[in-house]
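The entries below follow the order in which I went through them.

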Amino acid sequence: MIPIDDSPIVRDGKSLILAMDHGLEHGPTDFEEVPEKLDPSTVFDTATHDAVTAMAVQKGIAEGYYPSYEDDVNLLAKVNGTSNLWMGEYDSAVNWSVDYAAEIGADAVGFTLYGGSNHEVEMAEEFRDVQEAAREHDLPVVMWSYPRGQGLKNDTKPEVISYATRIALELGADIAKVKYPGSPDAMEHACKSAGDMKVVMSGGSKTSDYEFLSTVEAAVSAGAKGLAVGRNVWQREDPTRILDALEKVIFEEETADAALEA
Ligand code: FBP
């Protein structure tokens with residue numbers, strides 16, 4: 001097993017993962033204000049920024065577009081995912097195998113686990129297969145650890161997010177991606193609950209430059225090892241500008257104010 005810090009998706013102990021699986025998860029609605037981003041090449045172009053340590057996409061996008069970017073972008077193969085067209089308890093289909101992701105050139109794999117869903121047991125079993133196959137290929141595993149389901153009214157409560165990071169540690173992830181639990185103290189507890197496994201903050205829907213960067217700053221100061229973000233970068237008119245600032249906040253530990261002034 002390669003140490004996670006030696007993985008290409010980690011730079012100086014931290015990661016900035018650019019996610020673009022929203023067309024599957026949310027439908028084309030996330031692209032309404034930025035219709036040009038319906039072309040996945042535009043987001044791959046953004047992912048060539050030095051700050052981006054990996055781009056997370058689903059199988060069809062990887063097959064179709066990654067070959068043109070494999071020299072400049074690290075691929076995080078998001079192996080499960082589902083649309084929001086159906087109703088019921090949270091679940092996600094495994095859409096490609098780790099073997100196939102490795103064949104395409106994946107540098108890491110990603111998997112959503114909905115802890116608390118009535119489908120948690122099956123999802124954990126699917127995660128076991130993915131995690132063990134990833135170990136065979138020396139690929140790190142990023143868990144989108146999202147407790148959700150009938151029993152969970154608030155999925156960003158501090159104790160829920162700490163449970164989410166702990167689940168990821170105990171099931172063998174290398175990095176857990178979690179929602180920000182609302183305060184630096186809660187984030188610190190979530191990171192401590194993960195032992196020495198890395199925790200990255202989830203980007204969420206688009207907010208102002210300052211609100212976004214100051215939340216990232218708070219998360220990093222609390223122990224988060226970076227960010228996994230989609231809309232808050234590629235829905236912006238100038239994704240390069242926010243990535244320049246994120247590079248400063250995440251990798252150079254500058255404040256949001258300083259990063260925005262530059
Ligand atoms: P965002 O930063 O845009 O929230 O993207 C991160 C991500 O995890 C995507 O990989 C995924 O499509 C989306 O969020 C899922 O968001 P949610 O389940 O909260 O609707």
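**Pockets and ligand**

Entry one. I began with the lining of the largest pocket, to which helix 1 (22–25) and strand 10 (226–229) each supply at least two residues. I keep in mind throughout that this is a predicted model.

Entry two. I then looked up the extent of the largest pocket and found that about 550 Å³ of space lies in it. Its lining is made up of 28 residues, and those nearest the centre of the pocket are Glu25, His26, Tyr114, Tyr146 and Arg148. When I sorted the lining of the largest pocket by residue class, I noted nine nonpolar, eleven polar and eight charged residues.

Entry four. Around the ligand I found 15 residues, and of these Asp21, His26, Lys177, Lys179 and Arg231 come nearest. The shell around the ligand divides into four nonpolar, five polar and six charged residues.

Entry five. Which distances separate polar side-chain atoms of Asp21 and Lys177 from oxygen atoms of the ligand? For Asp21, I noted a polar side-chain atom at 2.7 Å from an oxygen atom of the ligand, and for Lys177 the corresponding distance to a ligand oxygen atom is 2.6 Å. In the side chain of Arg231, an N or O atom lies 2.7 Å from an oxygen atom of the ligand.

I moved on to the second largest pocket, in which about 260 Å³ of space lies. Its lining consists of 14 residues, with Tyr180, Ser202, Gly203, Gly204 and Ser205 closest to the centre of this pocket. Two or more residues of this lining come from each of strand 9 (198–202), helix 8 (209–221) and helix 9 (231–234), and helix 8 gives the largest share, three residues.

How many residues of each class line the second largest pocket? I recorded three nonpolar, eight polar and three charged residues in the lining of the second largest pocket.

How values were computed. Residues numbered from 1 in each chain as written. Predicted model: local features only at pLDDT ≥ 70, side-chain atom pairs only at ≥ 80, totals over all residues. Heavy atoms only, no water. Near = heavy atom within 4 Å. Polar contact = N/O pair within 3.5 Å; in protein donor to acceptor, adjacent residues only side chain to side chain. Nonpolar A, V, L, I, M, F, W, Y, C, P; charged D, E, K, R; others polar. 1 Å grid on protein atoms, 1.4 Å probe; cavity = no way out; pocket = protein on both sides within 12 Å on 5 of 7 lines; lining within 4 Å. Points joined across faces, edges and corners; volume = space filled by probe spheres on them. Helix = DSSP H or I, 4+ residues; strand = E, 2+ residues; numbered from the N terminus.
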